[in-house]
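Me: I'd like to learn how to read a model like this one, feature by feature. Could you walk me through it?

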Amino acid sequence: MESHNTWNSVLTYITGVVGLAVAQRLSQRFPSKSTYLLERHTRAGEETSSRNSEVIHSGLYYPLESLKTKLCLRGRDLMYERCKKYNIPYKQTGKLVVVKANQQGYIQNLHAKSLRLKWPPHLLVDGETESVLPTELLSGDQARAMEPDLSKDIVAALWCPKTGIVDSHAFMESLEHDIMESEGGEVVFAANVVRVDPRRKANNAIGPDAGGTADGWVVQVTSDSKATEGDAILARTLINASGLSSPLVLNSILPIEKRIPMYYARGSYASYSGPGVGNVSHLIYPCPETGPNAHAFESLGTHLTLDLQGKIRFGPDIEWISHLTSRNEGTEEDADFWMERLIPDDSRLSVMHHAATSYLPGLTLDGLQPDYVGVRPKLIPPGGGFQDFVIRTDYPTKDAERNQNSPMVSLLGIESPGLTSSLAIAELVVDNVLHSQSKV
């Protein structure tokens, strides 16, 4: 087995936009350090990052003090700034959250919450006179003036002007370009991590391994997905931003009783071409289920989104994926089990049509066509309530933990609003978790 000494480097294991954002910020923040990005696919963003609504979320839905709210607010503005600076295609479309008579309390609560939101620490506006999340309560008639095809049963709506859409692929390409053009950044594709082990420092190390005078991590990497061993890479700092595989990577170093349970939700999207939508120009979100089957924190309902070419899409719905309880051990087979669930079909179209016609009654079932499918990483089972993003730090030894050196930072449960939050997550990990305690 070949051993590569990258002891003064930061190793980021990624599968999507959050890993790219972290590596990009590392390469910019610490240009004298080597940042190695390991991508298990042949290109970045093949999992959740390329199978979502491409919405720039406004930061509306989650608890006030949650990471999801804070990082979405911060990430939203960072994304708009980056899109403008690098000519990344985007559009600030705004969003309508529409409700029926028995659902008005839902948007009233959202509006009240938006008024209580504080500017995140990094976002300073002159005099802080502008709201961090402006919203406006509209009557049903006002909402129909904006989108005439809305149902007459829609009695009110919440207008969120900060919501938008982005070309997520162009966004990820811009991050990848920054990494490749940086002094110490490198991206390696088709790099499968097959094993991660903590490494204890060698006090008397000499020669090529002299860098190993500190604790760290041994990461075995192979380009063959069926191989069980590969080249060993030594790293002082490891960022586990591997999306759907993040719990698997972490579980590989944890005892069985401390392993993170994994849950996955499949979301189907359908394109639409037909009557009942007119010249729709805004995103339209229904009220999530608020009754006995409430799932407001699991899914925001089957909503209407647009892409930058004006194509109309509905989704995602939510369908929990059952998996074997043994799938906690971190094998390559475990990491890829979700791929068999990505083939779109028409089995969900009638359910999606029923959901969408609750607010756009003129839609026809024949106008819906299967588009694509995404899988979302979940840390709690169905009905588990709200689950925040988790940013967890583990250390290779007790000494490293005591001195807070050589961390492995795992980003877990990074589902929606992960795309919007990606730059803010990177900022938090690099500037706070790592740099503030001199961990890089």
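Me: What percentage of the residues in the chain is buried?

Reply: Let's start with the ground rules. This is a predicted model, in which local features need pLDDT of at least 70 and side-chain atom pairs count only at pLDDT 80 or more, while totals for chains, interfaces and linings use all residues. Residues are numbered from 1 along each chain as its sequence is written, and side-chain values use heavy atoms, with hydrogens and water left out. Buried means under 20% relative accessible area, exposed over 50%, and partly exposed in between, with a 1.4 Å probe and protein chains only. Here, buried residues make up 56% of the 440 residues in the chain.

Me: What is the mean pLDDT of the chain?

Reply: pLDDT is the predictor's confidence in each residue, from 0 to 100. The chain has a mean of 85, and 85% of its residues reach 70 or more. Over residues 204-210 the value is below 50, and beyond near neighbours in sequence this stretch has five contacts in the model; a contact means heavy atoms within 4.5 Å. Residues 292-296 are also below 50, again with five contacts beyond near neighbours in sequence.

Me: How many helices and strands are there?

Reply: Both are DSSP runs, numbered from the N terminus: helices are H or I with at least four residues, and strands are E with at least two. This chain comes to 10 helices and 20 strands.

Me: What is the strand order in the open sheet of three strands?

Reply: In general, strands of a sheet pair through backbone hydrogen bonds, either parallel or antiparallel. The order here is S3-S8-S4, with antiparallel pairing. Strands S3 (55-56) and S4 (90-91) are at the edges with a single partner strand each, so one side of each has no neighbour in the sheet. Between S3 and S8 (residues 164-166) there are two bridges, and Ile56 has Gly164 in S8 as its bridge partner.

Me: Which residues touch the most other members of the largest nonpolar core?

Reply: A nonpolar core is a set of buried Ala, Val, Leu, Ile, Met, Phe, Trp, Tyr and Cys residues joined through side-chain atoms within 4.5 Å. Of the 46 residues in the largest one, Tyr61, Val97, Leu304, Phe314, Tyr359 and Leu360 touch the most other members. Among the elements that each supply at least two residues are helix H3 (104-116), strand S7 (156-160) and helix H8 (349-356). S7 gives the most, with five residues. A second, separate core of 41 residues includes Ile56, Met79, Leu175 and Ile425.

Me: Which residues are linked to Asp371 by salt bridges?

Reply: A salt bridge is a side-chain nitrogen of Lys or Arg within 4 Å of a carboxyl oxygen of Asp or Glu. The whole structure has 19 of them. Asp371 meets Lys311 at 3.3 Å, N to O. That pair links strand S18 (residues 368-378) to the loop between S15 and S16, 60 residues apart. Asp371 also meets Arg313 at 3.1 Å, N to O, and here the link runs from S18 to strand S16, 58 residues apart. Asp371 is partly exposed at 21% relative accessible area and Lys311 is partly exposed at 33%, whereas Arg313 is buried at 6%. Elsewhere, Arg25, Arg29, Arg74, Glu427 and Asp431 are linked in a network of salt bridges.

Me: What is the phi of Asn87, and where does this residue lie?

Reply: Most residues other than glycine have a negative phi, and most peptide bonds are trans. Asn87 has a positive phi near 55 degrees and lies in the loop between helix H2 (67-86) and S4. Asn87 is exposed, with a relative accessible area of 67%. Glu54 also has a positive phi, about 60 degrees, but Glu54 is buried at 18%.

Me: And which peptide bonds are cis?

Reply: One joins Gly315 to Pro316, with omega near -5 degrees. Another joins Ser416 and Pro417, with omega about 10 degrees. Pro316 is in the loop between S16 and strand S17 (319-321), while Pro417 lies in the loop between strand S20 (408-412) and helix H10 (418-434).

Notes. Two strands pair if DSSP finds at least two bridges between them.
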